[in-house]
Amino acid sequence: MSSTQLLIRSILKYPLLVVLSVVFGFSGAIFNGIGTILAVPVLLELLDQGGEFQRSFPPILRRFVELFDGLPEVYQLPAMGGSIILMIVLKNLSSYLSSVISGALNRKLATSMRKEGLQLLLAVDLDYYSKVRVGDLINNINNEVNRTTIAIRNLIKIATLLITIGVFIILLVIASWELTLISLMALSLVILLNQFVVKRSKEFGRRLSRYSRAYSTKVFEVISGIRLVKATANEDREYGQLKDIISQREQAEFKSQLVFAGVAPFNEIANICALMAIATLGRLAFSNQLEYFSSVLLTYLLLLFRMMPFIGQLNSTRSTLANTSPSVELVSAFLNRDDKPFMPQGHREYTYLQDGIHFKDLTFNYPGHDTQVLKGVDLHLPKGKTLALVGASGAGKSTLADLLPRFYDPTAGAILIDGVDLREFNVQSYRRNLGIVSQDTFLFNTTVEENLRYGRPNATDEELVDAAKRANAFEFIERLPDGFKTLIGDRGVLLSGGQRQRLAIARALVQDPDILILDEATSALDTISERLVQRAIEELSRERTSLIIAHRLSTIHKADQIAVMDQGRVVETGTHLELLRKGGAYSKLHAMQFSEQLDRPTAPPKPSNFHKAITQTSYELRSGLNNMIGSLVLVGDGLNAASEQEELVESAYESAVHLLSVVEQLENTTAPSSPATSLNASEQAAARIEKALSAAGETALNARTP
């Protein structure tokens, strides 16, 4: 959409207001012209020159004077004076109505453009936001839209002024076409000189738009990254950069003001010079008809004098329009939908999942990039089951998770929901049944209650409380100053990381999604927060179809299926124990997290089955013991919340029970052919471990029992 198309479309959006504005402007011009013409004979009569010049009146004046011939002579002059006053009143009333309508049109245009811009920002795909700066978007919605509406208003004003000037030119031609030719020659120089001002105004307008974008972007970035700014003691540097931008913008505004301030006095001087030139040249042209020339010149100069301010307004308005035209270009580019990505809408309404999800031969590369992020991914996620994605950074886990809510569409392949291509469903109806809890939890700067209701605004207070309890968030919410009515700050800054995560989980529980996506929801939390959030996640995932991206493998032991990804491909699938027994990519990831031995530069010899079992059991024991000891230490230190203490004791007890099962699996492992002493030593070690774990489990159980 070009700038011209934007202007035309905006004007046609409110045709009645535009027409009324122009009509009242035109009416004002008519009343102004008639009042000016009637003023000439009145002035001549007051100067007692009416009779002398009556016969030399221009035809246009004689016609207006003849309108009052039917009145007695004593009433003619007062009637003409009253008519002049009436014309002035009507002219000003028309101007007032035109100004009011123009202001209403300006407000409606600004509102309409902002609404259209916001609709576009909410409808456009996520890929758009990866290519633009948020500060630029905010500047477009606020500053540039304001300047664009000013441009449209000035465009309408120019049309009105042209009509007004056109009426006066017609009257001037009727009064004397010879003097009109002389006037056009004199005023053409004024127009040419003003053209230079228009060009300079346009250049200053570009600078102002550029500095406004830079200022909005910089302020947004500084406020968003204020923690980093303060942590690195860069306040002075950021202030210096902002000060430079403000100074540059101020200089551009000052130069623009110099141009605007010079337009009015320049036009006034030029107009006076033009009037003197017209009078002089007219005197020379009518040297043989001085008596006729006097009345014609008086009429003509009075009309011309009344027209000159409108020419000055026209020049000033043209300069303002040129100054705001760069904003029109920016807004037209911003509102143009042809060059922006939009998700195609399907026509099926999504209700609920019946069978499962099939990631069928997915291949994907981000728009504008040739590198394939996913390569032939084929996975099944049955209804009510949990699929966990693991792998190194850049393996494609988050990308695959982004395809499920249709943030992007696959380059090849398809995501089938109960055998139906996801692209056939209406996006909104599908996403309403989708819950997402990620590592970077977003909370609005409002109350806890409003954040919990975001996914389902009609949720009851009882449902909020129930969700908060199930997410292990109720107790900390109750301790907040105003409970559920507490304001939590920008992005929930007044809460801890664990509290924000539990609040996000509670929000998902209120929403009650059919499909759940958990994107490393516990990877940035401390031990106690991770335990509480993990229990909340287990509650949230219960009987739901869940896709989990895991960084800490200890959080996905209970997953129904684990898919290991590497460089965009699925290299292994299976349960936790199945993948450990394979000794493949998952086993290596597991070893990297729970053992330092595999970090050595020399690769160990290929272990036997028995040694594999010993190594696997070692990993399990270390992980479980760390969890159990950490929980019991936190219990020993004492916590404020009784429910958290109970959760930790429960966690320690479950860890002890799990470790006992690991030892039992070790005992059942068939030993390879090896010296008996080695086997006996292993059995004795296992027996000692079992005895110690039994004691720990009994201790945890006693602590758990009231």
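Predicted model: local features only at pLDDT ≥ 70, side-chain atom pairs only at ≥ 80, totals over all residues.

Reader: How many bridges join S4 to S5?
Author: Two, with S4 covering residues 412–417. The two strands run antiparallel. Isoleucine 417 has valine 420 in S5 as its bridge partner.

Reader: Now the sheet of six strands. What's the order?
Author: S6-S7-S8-S3-S9-S10. That sheet is open too, and its pairing is mixed.

Reader: Which are the edge strands, and what does the twist average?
Author: The edges are S6 (434–438) and S10 (569–574), each pairing on one side only. The twist averages 15° from one strand to the next.

Reader: Do S6 and S7 run parallel or antiparallel?
Author: Parallel, with five bridges joining S6 to S7 (residues 515–519). Glycine 435 stands opposite leucine 516 in S7.

Reader: And S9 with S10: in which sense do they pair?
Author: Antiparallel, over five bridges, with S9 spanning residues 561–566. One of the bridge pairs puts isoleucine 562 with glycine 574 in S10.

Reader: How many residues lie between S9 and S10 in the hairpin?
Author: Two. Glutamine 567, in the turn, has a positive phi of about 55°.

Reader: Switching to helices. At what angle do the axes of H15 and H17 cross?
Author: Roughly 130°, and the axes come within 8 Å. H15 is residues 461–470, while H17 is residues 497–511.

Reader: Is the crossing left-handed or right-handed?
Author: Right-handed, as H15 passes H17.

Reader: Which residues make the contact?
Author: From H15, Glu463, Leu464, Ala467, Ala468 and Arg470. From H17, Ala506, Leu509 and Val510. By class, the contact has six nonpolar residues, two charged and no polar ones.

Reader: Next, threonine 148. Where is it found?
Author: In helix H7, residues 134–175.

Reader: Is threonine 148 buried or exposed?
Author: Buried, because its relative accessible area is 0%.

Reader: What does threonine 148 touch, leaving out residues up to four places away?
Author: Leu6, Met113, Ser327, Val328 and Val331.

Reader: And threonine 149: buried or exposed?
Author: Threonine 149 counts as buried because its relative accessibility is 1%. Its place is in helix H7.

Reader: Which contacts does threonine 149 have, beyond neighbours within four places?
Author: Asn106, Leu109, Ala110 and Met113. Met113 is also touched by threonine 148.

Reader: What separates the C-alpha atoms of threonine 149 and serine 327?
Author: 9.4 Å, and the two residues are 178 apart along the chain.

Reader: Whole chain now. How many helices and strands?
Author: 23 helices and ten strands.

Reader: What share of the residues count as buried?
Author: 45% of the 706 residues.

Reader: Last one. Of the contacts between residues at least 6 apart in sequence, what share join residues at least 24 apart?
Author: 78% of those contacts in the chain.

Note on methods:
Residues numbered from 1 in each chain as written. Heavy atoms only, no water. Axes fitted to C-alpha atoms, helices over the stretch in contact; angles between N-to-C directions. Helix = DSSP H or I, 4+ residues; strand = E, 2+ residues; numbered from the N terminus. Left-handed = near helix turned anticlockwise from the far one by under 90°. Contact = heavy atoms within 4.5 Å. Nonpolar A, V, L, I, M, F, W, Y, C, P; charged D, E, K, R; others polar. Buried < 20%, exposed > 50% of the residue type's maximum accessible area, 1.4 Å probe, protein only. Pairing = 2+ DSSP bridges.
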